[in-house]
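Please look over the structure shown here before reading the notes that accompany it.

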Amino acid sequence: GESVGLHLPTLSVQEGDNSIINCAYSNSASDYFIWYKQESGKGPQFIIDIRSNMDKRQGQRVTVLLNKTVKHLSLQIAATQPGDSAVYFCAENKGGFQKLVFGTGTRLLVSP
Amino acid sequence: NAGVTQTPKFRILKIGQSMTLQCTQDMNHNYMYWYRQDPGMGLKLIYYSVGAGITDKGEVPNGYNVSRSTTEDFPLRLELAAPSQTSVYFCASRSDRGRSTGELFFGEGSRLTVL
């Protein structure tokens, strides 16, 4: 079936660098996308979302970009900090939010 | 405001045993969910509920049951535990009021091992 996936399982960056986490999706009917952060031993935490009628949305130090032409989603984290170290999941939904489909996650490691 | 609370945090079961994972939320959210997360994997939806008295199957419901007698509580029942149910279980809730988003509020998880 259609699914959400990620290009890189682990991303290592230096503190202060900008991080880009990528996500590919295959369901062209999906109209809503969301990024979650999961720290070790904790539940996922909402970061930012974007609807399919937008191609960019900014939050605090984070930006999500959506390219519907190539079915690609990315999360940009500016000035990455050690506290950003976590696993990041993208998720997609096709109407209703009832059944978000989660990707397998990318681990972000930030070195001081 | 405690958010979403899950108990127990850890449990070891023998094959064939049964147990209930408890989940309660104090945010008056109508939507509640149960997910499982296997090592190195994303979240798979087991069951969800859109309000008290209403439940529906998710992607991987086999071997589980749920009930939703109140808005606050959404217990997950495992009958005849199997090693394949070894996983971390997350309960989540979502508001259906105000701006409509997919933001789920997760509990801290319940790690279950079936031996």
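This is a predicted model: local features need pLDDT of at least 70, side-chain atom pairs count only at pLDDT 80 or more; totals for chains, interfaces and linings use all residues.

Residues are numbered from 1 along each chain as its sequence is written, chains are lettered from A and ligands numbered from 1 in the order in which they are written, and side-chain values use heavy atoms, with hydrogens and water left out.

**Interface of chain A and chain B**

- Counting as contact any heavy atoms within 4.5 Å, 21 residues of chain A touch 23 residues of chain B.
- The buried area, meaning the accessible area (1.4 Å probe) that two parts lose on being put together, summed over both, is about 1,700 Å², and carbon and sulfur atoms give 52% of it.
- Two residue pairs, both at pLDDT 80 or more, are in polar contact across the interface, a term for a pair of N or O atoms within 3.5 Å where, within protein, one must be able to donate a hydrogen and the other to accept it, and where residues adjacent in sequence count only if both atoms are side-chain atoms.
- On the side of chain A that touches chain B, strands E4 (32-38) and E5 (45-51) of chain A each supply at least two residues, strands being DSSP runs of at least two residues, numbered from the N terminus.
- E4(A) gives the most to that side, with four residues.

**Strand E9 of chain B**

- All eight residues of strand E9 (residues 87-94) of chain B are buried, that is, under 20% relative accessible area (1.4 Å probe, protein chains only).
- Ser87(B), Tyr89(B), Cys91(B) and Ser93(B) lie on one side of E9(B), with Val88(B), Phe90(B), Ala92(B) and Arg94(B) on the other.
- E9(B) pairs in the antiparallel sense with strand E4 (residues 31-37) of chain B over seven bridges, where pairing requires that DSSP find at least two bridges, and Tyr31(B) stands opposite Arg94(B).
- Strand E11 (residues 110-114) of chain B also pairs antiparallel with E9(B), over three bridges, and Val88(B) stands opposite Arg111(B) there.

**Gln25 of chain B**

- Gln25(B), in strand E3 (residues 19-25) of chain B, is buried, with a relative accessible area of 2%.
- A polar atom of the Gln25(B) side chain lies 2.8 Å from the backbone oxygen of His29(B), and the backbone oxygen of Thr71(B) lies 3.0 Å from a polar atom of that side chain.

Definitions and conventions. Buried means under 20% relative accessible area, exposed over 50%, partly exposed in between (1.4 Å probe, protein chains only).
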